[in-house]
Amino acid sequence: MVRKSKGRQKIEMVKMKNENNLQVTFSKRRTGLFKKASELCTLCGAEIVVIVFSPGKKVFSFGHPNVDCVIDRFANINPPNPRQHTDMQLSEARRNAIVRDLNNHLTQVTEEFEIEKKRTEDLKQKRKNSNMPENWWEEPIEELNLSQLTEFKCGLEKLRKTVTTEASKNFQAIVPRHNFYGGSSNNSTFGICDDHAGNIDTDLDLYNHQRMVATNTFACNLNNMMVPYHITTPFGNIGNSNIIEGFTPEYNQNPNKLCFKQEHMSECDHHSAHPLRFGHGYY
Amino acid sequence: MTRQKVKMAFIENESSRKATYKKRKSGILKKANELATLCGVPVGVIIDSAYDLSPEVWPSREEMDKVMSQWQRLPVMDRTKKMLNQQSYLQQRISKESETCKKLTKENKELQMKEVMFDCLSGKTSPSRIEKSDLRDCGNVIEQYLKNLNRRIEILSKNDGASSSYVHAAATTSVAMPIVEMGSSSTAFCDMIRQQQIQSSMNQNVRGLDLNQQQW
(Lines give C-alpha, C1' and ligand atoms only; values in the text may rest on other atoms or scores of the structure.)
Protein backbone atom coordinates (compact mmCIF):
# COMPACT_ATOMS: atom_id res chain seq x y z
CA MET A 1 0.00 0.00 0.00
CA VAL A 2 1.45 3.29 -1.08
CA ARG A 3 1.21 6.02 1.55
CA LYS A 4 -0.01 9.32 0.30
CA SER A 5 1.89 11.44 2.79
CA LYS A 6 4.74 10.75 5.13
CA GLY A 7 2.67 11.24 8.26
CA ARG A 8 3.80 13.32 11.20
CA GLN A 9 7.37 14.39 10.82
CA LYS A 10 9.66 15.92 13.38
CA ILE A 11 10.22 19.55 12.54
CA GLU A 12 12.99 21.88 13.48
CA MET A 13 12.30 24.39 16.16
CA VAL A 14 13.17 27.40 14.12
CA LYS A 15 11.08 30.00 12.43
CA MET A 16 9.45 28.53 9.34
CA LYS A 17 10.74 29.60 5.97
CA ASN A 18 7.68 29.37 3.81
CA GLU A 19 5.37 32.34 4.45
CA ASN A 20 2.17 30.56 3.49
CA ASN A 21 2.98 27.51 5.56
CA LEU A 22 3.85 29.80 8.43
CA GLN A 23 0.46 31.45 8.28
CA VAL A 24 -1.32 28.11 8.16
CA THR A 25 0.78 26.74 10.99
CA PHE A 26 0.06 29.79 13.06
CA SER A 27 -3.65 29.38 12.53
CA LYS A 28 -3.69 25.72 13.41
CA ARG A 29 -1.39 25.90 16.38
CA ARG A 30 -3.10 28.91 17.83
CA THR A 31 -6.38 27.03 17.68
CA GLY A 32 -4.76 24.06 19.35
CA LEU A 33 -3.23 26.19 22.07
CA PHE A 34 -6.56 27.77 22.90
CA LYS A 35 -8.14 24.35 23.01
CA LYS A 36 -5.55 23.18 25.52
CA ALA A 37 -6.07 26.28 27.59
CA SER A 38 -9.82 25.77 27.63
CA GLU A 39 -9.40 22.16 28.67
CA LEU A 40 -7.06 23.08 31.49
CA CYS A 41 -9.61 25.49 32.88
CA THR A 42 -12.43 22.99 32.63
CA LEU A 43 -10.55 20.08 34.11
CA CYS A 44 -8.60 21.80 36.82
CA GLY A 45 -10.33 25.06 37.43
CA ALA A 46 -7.21 27.10 36.82
CA GLU A 47 -7.16 30.68 35.71
CA ILE A 48 -5.34 31.43 32.56
CA VAL A 49 -4.65 34.03 29.95
CA VAL A 50 -2.97 33.50 26.59
CA ILE A 51 -2.07 36.40 24.36
CA VAL A 52 -0.83 35.75 20.86
CA PHE A 53 0.15 38.16 18.09
CA SER A 54 -0.26 36.93 14.56
CA PRO A 55 2.29 37.34 11.77
CA GLY A 56 -0.08 40.02 10.50
CA LYS A 57 0.16 41.89 13.80
CA LYS A 58 -3.39 41.03 14.82
CA VAL A 59 -3.89 39.92 18.40
CA PHE A 60 -5.72 36.86 19.67
CA SER A 61 -6.41 36.22 23.30
CA PHE A 62 -8.03 33.66 25.50
CA GLY A 63 -8.69 34.17 29.18
CA HIS A 64 -10.52 32.50 32.02
CA PRO A 65 -12.51 33.89 33.76
CA ASN A 66 -11.73 36.65 31.27
CA VAL A 67 -8.62 38.22 29.81
CA ASP A 68 -8.85 41.62 31.44
CA CYS A 69 -9.51 40.26 34.91
CA VAL A 70 -6.43 38.02 34.92
CA ILE A 71 -4.24 40.70 33.34
CA ASP A 72 -5.31 43.22 35.95
CA ARG A 73 -4.40 40.89 38.74
CA PHE A 74 -1.07 40.16 37.20
CA ALA A 75 -0.35 43.82 36.86
CA ASN A 76 -1.64 44.30 40.34
CA ILE A 77 -4.21 46.81 39.28
CA ASN A 78 -7.46 46.88 41.22
CA PRO A 79 -6.89 44.48 44.06
CA PRO A 80 -10.30 42.93 44.74
CA ASN A 81 -12.08 44.27 47.82
CA PRO A 82 -14.10 42.02 50.14
CA ARG A 83 -17.50 43.15 48.98
CA GLN A 84 -16.61 42.51 45.40
CA HIS A 85 -15.44 39.09 46.45
CA THR A 86 -18.89 37.66 47.19
CA ASP A 87 -20.30 39.15 44.03
CA MET A 88 -17.48 37.62 42.13
CA GLN A 89 -18.12 34.28 43.73
CA LEU A 90 -21.77 34.34 42.70
CA SER A 91 -21.06 35.31 39.16
CA GLU A 92 -18.33 32.72 39.10
CA ALA A 93 -20.77 30.02 40.13
CA ARG A 94 -23.17 31.11 37.47
CA ARG A 95 -20.40 31.26 34.94
CA ASN A 96 -19.26 27.78 35.81
CA ALA A 97 -22.75 26.44 35.36
CA ILE A 98 -22.95 27.96 31.91
CA VAL A 99 -19.57 26.62 30.96
CA ARG A 100 -20.52 23.19 32.23
CA ASP A 101 -23.55 23.16 29.99
CA LEU A 102 -21.55 24.33 27.03
CA ASN A 103 -18.99 21.61 27.58
CA ASN A 104 -21.71 18.99 27.68
CA HIS A 105 -23.19 20.36 24.52
CA LEU A 106 -19.82 20.32 22.81
CA THR A 107 -19.20 16.74 23.89
CA GLN A 108 -22.55 15.78 22.42
CA VAL A 109 -21.84 17.44 19.09
CA THR A 110 -18.39 15.87 18.93
CA GLU A 111 -19.90 12.45 19.51
CA GLU A 112 -22.43 12.94 16.75
CA PHE A 113 -19.61 14.02 14.48
CA GLU A 114 -17.67 10.87 15.27
CA ILE A 115 -20.72 8.78 14.44
CA GLU A 116 -21.09 10.50 11.08
CA LYS A 117 -17.43 10.03 10.30
CA LYS A 118 -17.77 6.34 11.05
CA ARG A 119 -20.76 6.19 8.72
CA THR A 120 -18.75 7.71 5.92
CA GLU A 121 -16.07 5.12 6.50
CA ASP A 122 -18.61 2.33 6.41
CA LEU A 123 -20.24 3.59 3.25
CA LYS A 124 -16.93 3.98 1.47
CA GLN A 125 -15.80 0.58 2.67
CA LYS A 126 -18.99 -0.97 1.36
CA ARG A 127 -18.32 0.49 -2.04
CA LYS A 128 -14.79 -0.86 -2.02
CA ASN A 129 -15.78 -4.28 -0.83
CA SER A 130 -18.42 -4.98 -3.43
CA ASN A 131 -16.19 -6.37 -6.16
CA MET A 132 -15.35 -4.05 -9.00
CA PRO A 133 -18.69 -2.56 -9.93
CA GLU A 134 -20.19 -5.18 -12.18
CA ASN A 135 -22.36 -2.59 -13.74
CA TRP A 136 -20.77 -0.15 -16.15
CA TRP A 137 -23.08 2.61 -15.13
CA GLU A 138 -21.56 2.69 -11.69
CA GLU A 139 -18.25 3.82 -13.13
CA PRO A 140 -17.46 7.52 -13.08
CA ILE A 141 -19.32 9.46 -15.73
CA GLU A 142 -16.10 10.53 -17.40
CA GLU A 143 -15.36 6.95 -18.36
CA LEU A 144 -18.59 6.33 -20.21
CA ASN A 145 -18.99 6.76 -23.91
CA LEU A 146 -21.77 8.67 -25.56
CA SER A 147 -24.07 5.75 -26.21
CA GLN A 148 -23.66 4.50 -22.70
CA LEU A 149 -24.40 7.94 -21.39
CA THR A 150 -27.58 8.15 -23.39
CA GLU A 151 -28.77 4.77 -22.27
CA PHE A 152 -27.96 5.58 -18.71
CA LYS A 153 -29.83 8.84 -19.04
CA CYS A 154 -32.92 7.03 -20.25
CA GLY A 155 -32.79 4.56 -17.44
CA LEU A 156 -32.26 7.24 -14.90
CA GLU A 157 -35.08 9.36 -16.21
CA LYS A 158 -37.36 6.41 -15.94
CA LEU A 159 -36.23 5.78 -12.41
CA ARG A 160 -36.80 9.39 -11.58
CA LYS A 161 -40.40 9.07 -12.67
CA THR A 162 -41.01 6.05 -10.52
CA VAL A 163 -39.44 7.72 -7.55
CA THR A 164 -41.47 10.84 -8.07
CA THR A 165 -44.64 8.81 -8.35
CA GLU A 166 -43.80 7.05 -5.14
CA ALA A 167 -43.11 10.36 -3.50
CA SER A 168 -46.33 11.82 -4.76
CA LYS A 169 -48.23 8.95 -3.24
CA ASN A 170 -47.08 10.15 0.13
CA PHE A 171 -47.81 13.71 -0.77
CA GLN A 172 -51.29 12.73 -1.77
CA ALA A 173 -52.04 11.07 1.50
CA ILE A 174 -51.56 14.44 3.06
CA VAL A 175 -53.23 16.57 0.43
CA PRO A 176 -55.80 14.46 -1.34
CA ARG A 177 -57.24 17.21 -3.52
CA HIS A 178 -53.99 18.21 -5.12
CA ASN A 179 -54.06 15.70 -7.86
CA PHE A 180 -51.18 16.75 -10.03
CA TYR A 181 -49.62 13.38 -10.59
CA GLY A 182 -52.84 11.59 -10.86
CA GLY A 183 -53.70 9.16 -8.20
CA SER A 184 -52.70 5.69 -7.48
CA SER A 185 -51.10 4.55 -10.64
CA ASN A 186 -52.26 1.01 -10.36
CA ASN A 187 -55.85 1.96 -10.46
CA SER A 188 -55.53 4.34 -13.33
CA THR A 189 -55.06 1.47 -15.68
CA PHE A 190 -58.68 0.85 -15.22
CA GLY A 191 -59.57 4.43 -15.56
CA ILE A 192 -60.19 5.09 -11.93
CA CYS A 193 -58.14 7.62 -10.09
CA ASP A 194 -58.42 7.60 -6.38
CA ASP A 195 -56.28 8.32 -3.40
CA HIS A 196 -55.40 5.64 -0.96
CA ALA A 197 -58.44 6.25 1.11
CA GLY A 198 -60.51 4.89 -1.70
CA ASN A 199 -62.22 8.16 -2.50
CA ILE A 200 -62.65 8.73 -6.12
CA ASP A 201 -61.62 12.17 -7.07
CA THR A 202 -63.81 13.30 -9.83
CA ASP A 203 -62.05 16.59 -10.02
CA LEU A 204 -59.49 15.24 -12.44
CA ASP A 205 -57.02 17.50 -14.03
CA LEU A 206 -56.78 17.60 -17.75
CA TYR A 207 -54.00 15.07 -18.04
CA ASN A 208 -55.74 12.41 -16.03
CA HIS A 209 -58.95 12.96 -17.85
CA GLN A 210 -57.14 12.37 -21.09
CA ARG A 211 -55.52 9.29 -19.71
CA MET A 212 -58.78 7.89 -18.46
CA VAL A 213 -60.42 8.42 -21.78
CA ALA A 214 -57.48 7.05 -23.65
CA THR A 215 -57.22 3.99 -21.47
CA ASN A 216 -60.82 3.17 -21.84
CA THR A 217 -60.85 3.79 -25.52
CA PHE A 218 -57.87 1.71 -26.37
CA ALA A 219 -58.25 -0.91 -23.75
CA CYS A 220 -59.22 -3.52 -26.24
CA ASN A 221 -56.51 -2.68 -28.70
CA LEU A 222 -53.53 -3.04 -26.47
CA ASN A 223 -52.17 -6.12 -28.05
CA ASN A 224 -52.40 -5.01 -31.59
CA MET A 225 -51.48 -1.46 -31.29
CA MET A 226 -49.31 -0.14 -34.01
CA VAL A 227 -48.27 3.34 -33.33
CA PRO A 228 -46.12 5.75 -35.26
CA TYR A 229 -43.36 6.04 -32.70
CA HIS A 230 -43.07 2.43 -31.99
CA ILE A 231 -40.42 0.97 -34.16
CA THR A 232 -40.73 -2.40 -35.67
CA THR A 233 -37.61 -4.21 -34.79
CA PRO A 234 -36.22 -7.38 -36.20
CA PHE A 235 -37.93 -9.08 -33.32
CA GLY A 236 -41.32 -7.63 -34.15
CA ASN A 237 -43.75 -6.22 -31.73
CA ILE A 238 -43.90 -8.26 -28.67
CA GLY A 239 -47.49 -9.09 -28.24
CA ASN A 240 -49.27 -9.80 -25.08
CA SER A 241 -47.90 -6.91 -23.25
CA ASN A 242 -49.86 -4.18 -21.66
CA ILE A 243 -46.88 -2.04 -21.15
CA ILE A 244 -44.65 -1.96 -24.10
CA GLU A 245 -41.50 -0.35 -23.06
CA GLY A 246 -38.37 0.30 -24.97
CA PHE A 247 -35.49 1.13 -22.89
CA THR A 248 -32.97 1.80 -25.53
CA PRO A 249 -32.10 4.89 -27.40
CA GLU A 250 -34.32 3.73 -30.18
CA TYR A 251 -33.79 5.08 -33.55
CA ASN A 252 -36.82 7.15 -34.03
CA GLN A 253 -37.80 9.58 -36.71
CA ASN A 254 -36.00 12.30 -34.96
CA PRO A 255 -32.33 11.55 -34.86
CA ASN A 256 -31.51 14.79 -33.18
CA LYS A 257 -33.60 14.14 -30.15
CA LEU A 258 -32.16 12.17 -27.36
CA CYS A 259 -34.13 9.11 -26.52
CA PHE A 260 -37.32 9.27 -24.64
CA LYS A 261 -39.33 6.45 -23.34
CA GLN A 262 -42.15 5.15 -25.44
CA GLU A 263 -44.58 4.83 -22.67
CA HIS A 264 -47.94 3.35 -23.05
CA MET A 265 -49.74 6.61 -22.78
CA SER A 266 -47.76 8.39 -25.43
CA GLU A 267 -48.78 5.68 -27.83
CA CYS A 268 -52.31 6.74 -27.28
CA ASP A 269 -51.56 10.36 -27.76
CA HIS A 270 -50.76 10.20 -31.39
CA HIS A 271 -50.27 13.87 -31.59
CA SER A 272 -47.64 14.12 -28.97
CA ALA A 273 -44.47 14.63 -30.85
CA HIS A 274 -42.59 15.88 -27.87
CA PRO A 275 -40.62 14.04 -25.26
CA LEU A 276 -42.62 13.03 -22.27
CA ARG A 277 -43.00 15.74 -19.77
CA PHE A 278 -41.63 15.17 -16.38
CA GLY A 279 -44.17 13.93 -13.95
CA HIS A 280 -46.36 11.95 -16.24
CA GLY A 281 -45.23 8.73 -14.82
CA TYR A 282 -47.21 5.76 -15.61
CA TYR A 283 -46.25 3.42 -12.85
CA MET B 1 -2.77 4.61 20.55
CA THR B 2 -5.46 3.57 22.95
CA ARG B 3 -5.74 6.42 25.36
CA GLN B 4 -8.78 6.70 27.51
CA LYS B 5 -11.07 9.49 26.48
CA VAL B 6 -11.09 12.25 29.09
CA LYS B 7 -14.43 13.64 30.16
CA MET B 8 -14.47 17.39 29.77
CA ALA B 9 -15.60 18.29 33.24
CA PHE B 10 -14.04 19.43 36.49
CA ILE B 11 -12.00 16.60 37.96
CA GLU B 12 -13.46 15.75 41.33
CA ASN B 13 -10.59 13.66 42.58
CA GLU B 14 -8.12 16.05 44.20
CA SER B 15 -4.94 14.16 43.49
CA SER B 16 -5.98 13.39 39.92
CA ARG B 17 -6.75 17.00 39.42
CA LYS B 18 -3.41 18.13 40.76
CA ALA B 19 -1.53 15.62 38.61
CA THR B 20 -3.47 16.60 35.53
CA TYR B 21 -2.88 20.24 36.24
CA LYS B 22 0.88 19.79 36.42
CA LYS B 23 1.07 17.77 33.23
CA ARG B 24 -1.23 19.95 31.21
CA LYS B 25 0.37 23.14 32.37
CA SER B 26 3.77 22.04 31.14
CA GLY B 27 2.10 20.83 27.94
CA ILE B 28 0.58 24.23 27.30
CA LEU B 29 3.82 26.02 27.88
CA LYS B 30 5.57 23.66 25.49
CA LYS B 31 2.96 24.33 22.82
CA ALA B 32 3.17 28.05 23.40
CA ASN B 33 6.91 27.85 22.93
CA GLU B 34 6.55 25.94 19.67
CA LEU B 35 4.05 28.45 18.37
CA ALA B 36 6.26 31.39 19.22
CA THR B 37 9.37 29.82 17.70
CA LEU B 38 7.92 28.34 14.54
CA CYS B 39 5.98 31.43 13.64
CA GLY B 40 8.24 34.02 15.10
CA VAL B 41 5.49 35.81 16.97
CA PRO B 42 5.17 37.26 20.48
CA VAL B 43 3.30 34.97 22.85
CA GLY B 44 2.50 35.47 26.53
CA VAL B 45 0.88 33.04 28.95
CA ILE B 46 -0.18 33.43 32.57
CA ILE B 47 -1.47 30.42 34.48
CA ASP B 48 -2.62 30.59 38.07
CA SER B 49 -4.20 28.05 40.35
CA ALA B 50 -4.51 26.88 43.90
CA TYR B 51 -1.57 24.54 43.28
CA ASP B 52 0.85 27.33 42.53
CA LEU B 53 2.29 29.69 45.04
CA SER B 54 2.50 32.38 42.46
CA PRO B 55 1.17 32.58 38.95
CA GLU B 56 3.21 30.95 36.25
CA VAL B 57 4.30 33.48 33.68
CA TRP B 58 5.69 32.47 30.34
CA PRO B 59 8.13 33.08 28.75
CA SER B 60 9.32 35.30 31.57
CA ARG B 61 8.21 38.38 33.42
CA GLU B 62 10.25 40.59 31.15
CA GLU B 63 8.95 39.06 27.98
CA MET B 64 5.43 39.13 29.34
CA ASP B 65 5.82 42.81 30.14
CA LYS B 66 6.81 43.43 26.52
CA VAL B 67 3.73 41.56 25.35
CA MET B 68 1.63 43.52 27.82
CA SER B 69 2.84 46.86 26.57
CA GLN B 70 2.22 45.84 23.01
CA TRP B 71 -1.21 44.82 24.17
CA GLN B 72 -1.91 48.09 25.94
CA ARG B 73 -0.83 50.06 22.91
CA LEU B 74 -3.58 48.54 20.86
CA PRO B 75 -6.95 50.28 20.73
CA VAL B 76 -9.60 48.60 22.80
CA MET B 77 -11.51 47.44 19.76
CA ASP B 78 -8.55 45.59 18.33
CA ARG B 79 -7.95 43.90 21.63
CA THR B 80 -11.47 42.71 22.07
CA LYS B 81 -12.16 41.72 18.50
CA LYS B 82 -10.64 38.31 18.88
CA MET B 83 -10.87 38.07 22.63
CA LEU B 84 -12.31 34.88 23.99
CA ASN B 85 -13.27 33.42 27.30
CA GLN B 86 -14.53 29.95 28.08
CA GLN B 87 -18.08 30.81 27.17
CA SER B 88 -17.45 32.47 23.85
CA TYR B 89 -14.77 29.95 22.95
CA LEU B 90 -16.97 26.95 23.60
CA GLN B 91 -19.87 28.51 21.73
CA GLN B 92 -17.62 29.08 18.76
CA ARG B 93 -16.46 25.50 18.78
CA ILE B 94 -19.96 24.18 19.11
CA SER B 95 -21.21 26.08 16.08
CA LYS B 96 -18.15 25.13 14.01
CA GLU B 97 -18.48 21.46 14.80
CA SER B 98 -22.22 21.49 14.24
CA GLU B 99 -21.62 22.99 10.80
CA THR B 100 -19.07 20.35 9.86
CA CYS B 101 -21.26 17.62 11.24
CA LYS B 102 -24.27 18.82 9.25
CA LYS B 103 -22.22 18.90 6.08
CA LEU B 104 -20.99 15.41 6.67
CA THR B 105 -24.50 14.14 7.35
CA LYS B 106 -25.63 15.61 4.05
CA GLU B 107 -22.75 14.02 2.18
CA ASN B 108 -23.41 10.68 3.79
CA LYS B 109 -27.05 10.88 2.80
CA GLU B 110 -26.06 11.56 -0.78
CA LEU B 111 -23.65 8.65 -0.78
CA GLN B 112 -26.32 6.40 0.62
CA MET B 113 -28.92 7.57 -1.90
CA LYS B 114 -26.46 6.97 -4.69
CA GLU B 115 -26.20 3.35 -3.54
CA VAL B 116 -29.98 3.11 -3.50
CA MET B 117 -30.08 4.55 -7.00
CA PHE B 118 -27.61 1.97 -8.27
CA ASP B 119 -29.48 -0.79 -6.50
CA CYS B 120 -32.69 0.24 -8.22
CA LEU B 121 -30.96 0.21 -11.58
CA SER B 122 -29.45 -3.19 -10.98
CA GLY B 123 -32.68 -4.60 -9.73
CA LYS B 124 -31.60 -5.21 -6.17
CA THR B 125 -34.41 -3.01 -4.96
CA SER B 126 -37.15 -0.80 -6.28
CA PRO B 127 -38.50 2.65 -5.57
CA SER B 128 -41.49 1.22 -3.78
CA ARG B 129 -39.13 -0.19 -1.19
CA ILE B 130 -37.39 3.08 -0.50
CA GLU B 131 -38.06 4.67 2.85
CA LYS B 132 -40.70 7.35 2.52
CA SER B 133 -38.48 9.92 4.13
CA ASP B 134 -35.70 9.17 1.69
CA LEU B 135 -37.69 9.47 -1.51
CA ARG B 136 -37.11 13.15 -1.85
CA ASP B 137 -33.38 12.92 -1.22
CA CYS B 138 -33.18 10.05 -3.65
CA GLY B 139 -34.97 12.14 -6.24
CA ASN B 140 -32.52 14.95 -5.73
CA VAL B 141 -29.54 12.68 -6.14
CA ILE B 142 -31.02 11.31 -9.36
CA GLU B 143 -31.60 14.87 -10.58
CA GLN B 144 -28.04 15.83 -9.84
CA TYR B 145 -26.70 12.75 -11.57
CA LEU B 146 -28.85 13.45 -14.59
CA LYS B 147 -27.57 17.01 -14.72
CA ASN B 148 -24.02 15.72 -14.79
CA LEU B 149 -24.91 13.14 -17.39
CA ASN B 150 -26.47 15.75 -19.62
CA ARG B 151 -23.51 18.03 -19.23
CA ARG B 152 -21.18 15.21 -20.16
CA ILE B 153 -23.33 14.24 -23.12
CA GLU B 154 -23.24 17.82 -24.32
CA ILE B 155 -19.48 17.96 -24.09
CA LEU B 156 -19.04 14.71 -25.95
CA SER B 157 -21.56 15.60 -28.64
CA LYS B 158 -19.87 18.92 -29.21
CA ASN B 159 -16.50 17.29 -29.49
CA ASP B 160 -17.79 14.66 -31.82
CA GLY B 161 -18.98 17.38 -34.15
CA ALA B 162 -22.01 16.47 -36.20
CA SER B 163 -24.96 14.68 -34.75
CA SER B 164 -24.47 12.01 -37.35
CA SER B 165 -21.91 10.38 -35.16
CA TYR B 166 -24.45 10.22 -32.40
CA VAL B 167 -27.00 8.64 -34.65
CA HIS B 168 -24.41 6.14 -35.70
CA ALA B 169 -23.66 5.31 -32.11
CA ALA B 170 -27.28 5.17 -31.18
CA ALA B 171 -28.11 3.03 -34.14
CA THR B 172 -25.33 0.59 -33.46
CA THR B 173 -26.51 -0.04 -29.95
CA SER B 174 -30.19 -0.04 -30.56
CA VAL B 175 -30.00 -2.50 -33.41
CA ALA B 176 -28.96 -5.10 -30.93
CA MET B 177 -31.75 -4.28 -28.56
CA PRO B 178 -34.92 -6.19 -28.32
CA ILE B 179 -37.81 -4.34 -26.88
CA VAL B 180 -38.65 -6.12 -23.76
CA GLU B 181 -41.83 -6.27 -21.83
CA MET B 182 -41.52 -4.80 -18.45
CA GLY B 183 -43.68 -5.05 -15.44
CA SER B 184 -41.59 -2.77 -13.32
CA SER B 185 -38.78 -0.45 -14.03
CA SER B 186 -36.51 -1.84 -11.40
CA THR B 187 -35.62 -4.94 -13.32
CA ALA B 188 -35.47 -3.22 -16.64
CA PHE B 189 -32.18 -1.41 -16.78
CA CYS B 190 -29.76 -4.15 -15.88
CA ASP B 191 -31.70 -6.76 -17.78
CA MET B 192 -31.72 -4.56 -20.84
CA ILE B 193 -28.02 -4.07 -20.65
CA ARG B 194 -27.42 -7.77 -20.11
CA GLN B 195 -29.58 -8.61 -23.09
CA GLN B 196 -27.68 -6.13 -25.12
CA GLN B 197 -24.39 -7.65 -24.14
CA ILE B 198 -25.63 -11.10 -25.04
CA GLN B 199 -26.99 -9.77 -28.27
CA SER B 200 -23.89 -7.91 -29.28
CA SER B 201 -21.71 -10.91 -28.57
CA MET B 202 -24.08 -12.95 -30.69
CA ASN B 203 -23.98 -10.41 -33.43
CA GLN B 204 -20.25 -10.35 -33.46
CA ASN B 205 -20.26 -13.96 -34.45
CA VAL B 206 -22.48 -13.39 -37.40
CA ARG B 207 -20.40 -12.57 -40.39
CA GLY B 208 -21.65 -10.91 -43.49
CA LEU B 209 -24.43 -9.05 -41.77
CA ASP B 210 -24.17 -5.34 -41.95
CA LEU B 211 -25.44 -4.32 -38.58
CA ASN B 212 -25.39 -0.69 -39.30
CA GLN B 213 -28.13 -0.83 -41.83
CA GLN B 214 -31.41 0.30 -40.58
CA GLN B 215 -33.37 -1.97 -42.79
CA TRP B 216 -33.85 -5.58 -42.10
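The questions and answers below concern a predicted model with chains A and B.

Reader: Which elements does chain A contain, and in what order do they run?
Author: The model is predicted. Chain A holds 7 helices and 2 strands. Read from the N terminus, the order is α-β-β-α-α-α-α-α-α.

Reader: What is the order of elements in chain B?
Author: Chain B has 7 helices and 3 strands. Starting at the N terminus, these elements follow the order α-β-β-α-α-β-α-α-α-α.

Reader: What share of the residues of chain A counts as buried?
Author: A residue is buried when its relative accessible area is under 20%. Chain A has 283 residues, and the share of them that counts as buried is 43%.

Reader: How much of the accessible surface of chain B belongs to carbon and sulfur atoms?
Author: Chain B has 216 residues, of which 40% count as buried. Its accessible surface is about 13100 Å², and the part belonging to carbon and sulfur atoms is 50%.

Reader: Where does the peptide bond between A:His64 and A:Pro65 lie, given that it is cis?
Author: The bond joining A:His64 and A:Pro65 has an omega of about 0°.

Reader: Is A:Lys57, with its positive phi, buried or exposed?
Author: A:Lys57 is a residue other than glycine, yet its phi is near 70°. Its place is the loop between strand S1 (47-53) and S2 of chain A. Because its relative accessible area is 63%, A:Lys57 counts as exposed.

Reader: Why does the salt bridge of A:Arg29 and B:Glu34 join two chains?
Author: The side chains of A:Arg29 and B:Glu34 meet at 2.5 Å, N to O. A:Arg29 is partly exposed at 26%, whereas B:Glu34 is buried at 14%. The pair joins two chains because A:Arg29 lies in helix H1 of chain A and B:Glu34 in helix H1 of chain B.

Reader: Which helices hold A:Arg160 and B:Glu143?
Author: A salt bridge brings the side chains of A:Arg160 and B:Glu143 to 2.7 Å, N to O. A:Arg160 is buried, at 16% relative accessible area, and B:Glu143 is partly exposed at 29%. The pair joins two chains, since the helices are H4 (residues 146-174) of chain A for A:Arg160 and H5 (residues 135-160) of chain B for B:Glu143.

Reader: How many residues apart are B:Glu63 and B:Lys66 in helix H2 of chain B?
Author: B:Glu63 and B:Lys66 form a salt bridge, with the closest N and O atoms 3.3 Å apart. B:Glu63 is partly exposed at 33%, and B:Lys66 is exposed at 52%. The pair is separated by about one helical turn because the residues are apart in helix H2 of chain B by 3.

Reader: Which residues are linked with A:Arg73 in a network of salt bridges?
Author: Over all chains, the count of salt bridges is 18. The network that includes A:Arg73 also links A:Glu47 and B:Asp48.

Reader: Which elements give two or more residues to the positive patch?
Author: The patch on the surface gathers A:Arg8, A:Lys10, A:Lys35, A:Lys36, B:Arg3, B:Lys30 and B:Lys31. The elements giving two or more residues are helix H1 (19-44) of chain A and helix H1 (14-39) of chain B.

Key. Residues are numbered from 1 along each chain as its sequence is written. Chains are lettered from A and ligands numbered from 1 in the order in which they are written. This is a predicted model: local features need pLDDT of at least 70, side-chain atom pairs count only at pLDDT 80 or more; totals for chains, interfaces and linings use all residues. Side-chain values use heavy atoms; hydrogens and water are left out. Patches are made of residues with over 30% relative accessible area and no salt bridge: like charges are joined within 9 Å, nonpolar side chains (Val, Leu, Ile, Met, Phe, Trp, Tyr) within 5 Å. Accessible areas come from the Shrake-Rupley method with a 1.4 Å probe; for residues, only the protein chains shown count as cover. A salt bridge is a side-chain nitrogen of Lys or Arg within 4 Å of a carboxyl oxygen of Asp or Glu. Lys and Arg count as positive and Asp and Glu as negative; His and the chain ends are not counted. The place of a charge is taken as NZ of Lys, CZ of Arg, CG of Asp or CD of Glu. Helices (H or I, at least four residues) and strands (E, at least two) are DSSP runs, numbered from the N terminus. Buried means under 20% relative accessible area, exposed over 50%, partly exposed in between (1.4 Å probe, protein chains only).
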